[in-house]
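Please keep the sequence and coordinates in view while reading.

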Amino acid sequence: VFELYKTLYAPQETQNTNIEYNSSDEDLVSHISKWHRIESVSEFDRYLKADRAQALCDILNWWKQHEEEYPNLSNMARDYLGIPATSAPSERIFSSAANVITYDRASFASEIVCAIICLKH
């Protein structure tokens, strides 16, 4: 999971050595934070050390509530947790194909069979 996070979701570190500061800025820290994301502990490590969500909570809602705290991990969670955890719909469609591909219709081209199944569902 960490490798997936690191390659696809972790913020890319950029370095800008040409930072100019003038006294009209609010303060030096806010100026520097515009250019650099200073994070001593990664978002992933902070998540691993934090309290876990309760077992029966709506996990997508939990990630929505913690989106500001873990912006990159919440994107990752939405990408993967939004996928249905069951194969029942695909199995149902596969089983219904037996009703389409009968002995009399066995010579249909695969495109025709796909179109008929799509029309039925």
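**A guided reading of the model**

Lys 64 is exposed, its relative accessible area being 53%; here exposed means over 50%, buried under 20%, and partly exposed in between, with a 1.4 Å probe and protein chains only. The model is a predicted one, in which local features need pLDDT of at least 70 and side-chain atom pairs count only at pLDDT 80 or more, while totals for chains, interfaces and linings use all residues. Residues are numbered from 1 along each chain as its sequence is written, and side-chain values use heavy atoms, leaving out hydrogens and water.

Lys 64 forms a salt bridge with Glu 67, with 3.3 Å between the closest N and O atoms; the term denotes a side-chain nitrogen of Lys or Arg within 4 Å of a carboxyl oxygen of Asp or Glu. Glu 67, partly exposed at 25% relative accessible area, also forms a salt bridge with Arg 78, where the closest N and O atoms are again 3.3 Å apart. This second pair links distant parts of the chain, since Glu 67 lies in the loop between α4 and α5 and Arg 78 in helix α5, 11 residues apart. Helices are DSSP runs of H or I with at least four residues, numbered from the N terminus. Arg 78 is partly exposed, at 36% relative accessibility.

The largest nonpolar core has 10 residues, among them Tyr 5, Phe 44, Trp 62, Trp 63 and Leu 73. Such a core is a set of buried Ala, Val, Leu, Ile, Met, Phe, Trp, Tyr and Cys residues joined through side-chain atoms within 4.5 Å. At least two residues of this core come from each of α1 (2-9), α4 (59-65) and α5, with α5 giving the most, 3 residues.

On the surface, Leu 8, Tyr 80 and Ile 83 form a nonpolar patch with about 320 Å² of accessible area together. Patch residues have over 30% relative accessible area and no salt bridge, with nonpolar side chains joined within 5 Å and like charges within 9 Å. Ile 83 is located in the loop between α5 (71-81) and α6 (88-100) and is exposed, at 52% relative accessible area.

The mean pLDDT, the predictor's confidence in each residue from 0 to 100, is 75 for the chain, and 72% of the residues score at least 70. Confidence is lowest in helix α2 (residues 28-35), at a mean of 55, and highest in α4, at 90.

Key. Accessible areas come from the Shrake-Rupley method with a 1.4 Å probe; for residues, only the protein chains shown count as cover.
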